[in-house]
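Please look at the sequence and the 3D structure before reading on.

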Amino acid sequence: MNIGISCHHTYGGSGAIAAELGKALAGKGHSVHFFGQAAPFRLGAFSRNIFYHEVEVTHYPMFDAPFYSLALAAKIAEVAFYEKLDVVHAHYAIPHALSAMLARQMLEDKCAELKCFKLATTLHGTDITVVGADRGMEDVVRLAINKSDGVTTVSGYLKDETVRMFTPRKEITVIPNFVDTSLFFRSPRNEIREQLGIGREKILIHISNFRPVKCIGDIIRIFYAVSQRVNATLLLVGDGPERSEAEILVRQFGIVDRVKFLGKLVDIVPLLSIADVMLMPSNAESFGLAALEAMACGVPVVATMAGGFPEFIVPGRHGYLLSPGDIEGMTEKALLLLSDQDHWLECSKACIEQAKCYETTLLVEQYEAYYTMLLAEP
Ligand code: GMT
């Protein structure tokens, strides 16, 4: 198949999944064309069957804000025309699904006989729960959903939310996030501890784009309470709007030496491999890819009951799920995992087993079957 993928290039789960999906599809012999303002952060080096088309936005003094959505639509239409794309897969409702919809209209207008691509849209989370909930954007998101040939969500929770908020005309299919366990596995290296200046203490980790939904302040508070009882270090991977607040809190608590802000790292396996607990106290999370990747590396998760977490994290088996904002509860469960080695080991092994149910190969097959089904439709 010739497949177009439109996604966010920035540090975050939707871009990560889109890039990993594209790489896996290319590995299976499909031609994959990525569209974006920049290459997705997880795309990596050149590989056969992968093509990247950068979207150039027209800058003209009359246009106050650059027209990225239109430029993206024009680029999708151009590539779809010359490369005969069968499917365009939009990750995140806007602008990607909307631009692809517009690209299709452009092609139909240009050449009525042309067999146009099918549009598959994957909803990832905040495109529905934050952007879609904005009254000013609601109808735009609804249009993107209803004009797609097929819509998938990354969890049952997000499907339910989408149905509740938008009552879409078509059935939504759930295809969860996935992880490549041949790359994400526990392989602890002592030099990583040395490089980070960490001794034998316990390690807690968090990875995200530090947006308000991630509750970075709660992470600092939980870690502060944990560090009063156990010798520990917190690794914070990523960056974003809540970073400054987090740094202020760290200084106020007097734990500067114990909290390491590592920035937007792409290769997270070496860090996950030395971590003991993954903290994800999000107040909304449609799936939680970072938690799944941590589990593949044998790291139990302390997270919230929010969104998609309960669909793949069984409390007591793969970590613990508490109510959003329950700092005391999450502290207690993190301490339990850090102080009972046998329990930690059991959870760690169970996490590795659970992650195998979300193996890339299995889920990529589901996407392939989904495209085939769309292509068979009149
Ligand atoms: O926060 C991120 O990691 C990015 C974010 C997004 O909106 O692009 O991720 C969403 O998509 C991921 C991949 O499907 C999910 O694993 C995340 O749970 C989801 N984020 C939220 O729902 C807050």
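The text below goes from the domains of the chain to the ligand and its surroundings.

The model is predicted. In the domain assignment, the protein chain has two parts: domain 1 (2-178 + 359-376) and domain 2 (190-356). Their C-alpha centres are 31 Å apart. The two domains also touch: 20 residues of domain 1 are in contact with 22 residues of domain 2.

The ligand is surrounded by 19 residues, and the closest are His 124, Thr 126, Asn 177, Arg 211 and Glu 285. Sorted by class, this shell has 10 polar, 6 nonpolar and 3 charged residues.

The table gives the residue, the kind of atom it uses and the distance.

| Residue | Atom of the residue | Distance to an oxygen atom of the ligand |
|---|---|---|
| Lys 214 | polar side-chain atom | 3.1 Å |
| Gly 288 | polar backbone atom | 2.9 Å |
| Leu 289 | backbone N or O atom | 3.0 Å |

How much of the accessible area of the ligand does the protein cover? On its own, the ligand has 490 Å² of accessible area, and the protein covers 94% of that area.

Definitions and conventions: Residues are numbered from 1 along each chain as its sequence is written. This is a predicted model: local features need pLDDT of at least 70, side-chain atom pairs count only at pLDDT 80 or more; totals for chains, interfaces and linings use all residues. Side-chain values use heavy atoms; hydrogens and water are left out. A residue is near a molecule or strand if one of its heavy atoms lies within 4 Å of it. A polar contact is a pair of N or O atoms within 3.5 Å; within protein, one must be able to donate a hydrogen and the other to accept it, and residues adjacent in sequence count only if both atoms are side-chain atoms. Accessible areas come from the Shrake-Rupley method with a 1.4 Å probe; for residues, only the protein chains shown count as cover. Ala, Val, Leu, Ile, Met, Phe, Trp, Tyr, Cys and Pro count as nonpolar, Asp, Glu, Lys and Arg as charged, and the others, Gly among them, as polar. Domain bounds come from an automatic or database domain assignment. Contact means heavy atoms within 4.5 Å.
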